[in-house]
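Please consult the sequence and the structure as you read.

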Amino acid sequence: MKYKKRMLLFFSAAVMAGGLAAIAPSVSLANQKKTEARQVKDPVCSMMVDPKTAEKAVYKGKSYYFCSREEKEQFEKSPEKYAGQVEKK
């Protein structure tokens, strides 16, 4: 009888652990999708960036975000070129 109880407890624990492992990836995927939803495209290199931490420039009243200071400087040299590409897509 003790053997059956131990096996039942072991099996229950294994099922619970497997169940939790199955839930964890979906939680990470949900968080990843939220993060991706908050990202915007760098108009110079097309890299996705977080507007909260990215370099920023404003052109004709619209904000543009960049992965680096160099990308921002390149945009500022000829904003029409890059702003037009973003608006077309």
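Helices (H or I, at least four residues) and strands (E, at least two) are DSSP runs, numbered from the N terminus. The model is a predicted one, in which local features need pLDDT of at least 70 and side-chain atom pairs count only at pLDDT 80 or more, whereas totals for chains, interfaces and linings use all residues. Residues are numbered from 1 along each chain as its sequence is written, and side-chain values use heavy atoms, with hydrogens and water left out.

**The chain as a whole**

The protein chain contains 3 helices and 4 strands, arranged along the sequence in the pattern α-β-β-β-β-α-α. A residue is called buried under 20% relative accessible area, exposed over 50%, and partly exposed in between (1.4 Å probe, protein chains only). By this rule, 19% of the 89 residues of the protein chain are buried. Accessible areas come from the Shrake-Rupley method with a 1.4 Å probe, and for residues only the protein chains shown count as cover. The accessible surface of the protein chain is about 7100 Å², and 60% of this belongs to carbon and sulfur atoms. A contact means heavy atoms within 4.5 Å. Among contacts between residues at least 6 apart in sequence, 24% join residues at least 24 apart.

Lys and Arg count as positive and Asp and Glu as negative, while His and the chain ends are not counted. A salt bridge requires a side-chain nitrogen of Lys or Arg within 4 Å of a carboxyl oxygen of Asp or Glu.

**A negative patch**

Patches are made of residues with over 30% relative accessible area and no salt bridge, with like charges joined within 9 Å. The place of a charge is taken as NZ of Lys, CZ of Arg, CG of Asp or CD of Glu. On the surface, Glu55, Glu70, Glu73 and Glu76 gather in a patch of negative charge. Helix H2, residues 69-77, gives the most to this patch, with 3 residues. Glu55 belongs to strand S3, residues 55-59. Glu55 counts as partly exposed because its relative accessibility is 30%.

Val40 lies in strand S1, residues 40-41. With a relative accessible area of 27%, Val40 is partly exposed. Leaving out residues up to four places away in sequence, Val40 touches Met47, Met48, Val49, Pro51 and Tyr65. The C-alpha atoms of Val40 and Ala54 are separated by 9.6 Å, and the two residues are 14 apart along the chain.

Most residues other than glycine have a negative phi. Ser46, however, has a positive phi near 70°. Ser46 is found in the loop between S1 and strand S2 (48-49), and is partly exposed at 33% relative accessible area. Lys60 also has a positive phi, near 50°. Lys60 lies in the loop between S3 and strand S4 (62-66), and its relative accessible area of 73% makes Lys60 exposed.

Definitions and conventions
Patch = residues over 30% accessible without salt bridge, like charges linked within 9 Å, V, L, I, M, F, W, Y side chains within 5 Å.
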